[in-house]
Amino acid sequence: AKRVFRVRKRRKRKKSVPTTKTSIVDLLSSVETLNLESLSSLESKQTCIDKLEHTIQCRRLFNWNYSNINQSELLSINAKFDQGINLLKKYIGNSSPVIPNYDEHIRKLVSDNKASNQEIRKNAKWIVSFRKLVHTISSLKELKMEPFGSQVNTLTVSGVDIDLCCFFEDNRDRSPKQLLRKIYYKLSKKNGISNLNFISHARIPIIKFQDNIYNISCDISFGNRLAVYNSRLIKDY
């Protein structure tokens, strides 16, 4: 048996237009009383834009629904609409942008949370000491370890992690997991290291740990040299 599907016609929603003489008078009264003083008392430019859109819509729908009234009366009403619409357009064009200025708030947020020079020097000192620790591993003496992210691009926030990228200058083919595993074992024997975690199954394997002596958290990855170059590029800009 074939199923019969009946297509139901969607009912058009009735547009919100003035339906009585009183509502028309009220609408025109609000348009007629518009002036620069009343517009400046509105909350924002966006409020004026909303009022302008509403007035234009009411005028369009009014002419659509009440085109059969006296012609002179229709012209008079449209003239009042035009007066209010032009005044709104003029005020919107001369007023300040809708988007508020957040510069001061952003600058204060950055200054309140920016890392101090003392903390930046402490992080740089820790990176040097960590390089020395890793270079004690015989097979990793030529390994380069460069910071990237906020430690390089001068956008450092107080208390953030240090991101380190490991790589060899000669681009020798090494397994990231084997290399990081050696660093992981070295860190596991060092005093003051906590929350040591080797995430080997990630697309870019990472070692995460915290040095309680310096109170520094660090993430170590291998071969992600593009992140190092991007951080330096942001710093230059």
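Q: Which residue of E5 stands opposite Gln 210?
A: In this predicted model, Gln 210 stands opposite Ser 217 in E5.

Q: And how many bridges join E4 to E5, and in which sense do they run?
A: Strand E4 and strand E5, which covers residues 216-222, run antiparallel and are joined by six bridges. The two strands form a hairpin with four residues between them, and in the turn Asn 215 has a positive phi of about 60 degrees.

Q: What about E3, how does that pair with E4?
A: Strand E3, made of residues 193-199, pairs with E4 in the antiparallel sense over five bridges, and here Phe 198 stands opposite Ile 207 in E4. E3 and E4 also form a hairpin, with six residues between them.

Q: Switching to helices, at what angle do H6 and H7 pack?
A: Helix H6 (residues 117-134) and helix H7 (residues 176-188) pack at about 105 degrees, with their axes 10 Å apart. An angle of 65 to 115 degrees counts as roughly perpendicular, and H6 and H7 are therefore roughly perpendicular to each other.

Q: Which residues make that contact?
A: Phe 130, Leu 133 and Val 134 of H6 meet Ile 183, Lys 186 and Leu 187 of H7. Of the residues in the contact of H6 with H7, five are nonpolar, one is charged and none is polar.

Terms used:
Residues numbered from 1 in each chain as written. Predicted model: local features only at pLDDT ≥ 70, side-chain atom pairs only at ≥ 80, totals over all residues. Heavy atoms only, no water. Axes fitted to C-alpha atoms, helices over the stretch in contact; angles between N-to-C directions. Parallel < 35°, antiparallel > 145°, perpendicular 65-115°, else oblique. Contact = heavy atoms within 4.5 Å. Nonpolar A, V, L, I, M, F, W, Y, C, P; charged D, E, K, R; others polar. Pairing = 2+ DSSP bridges.
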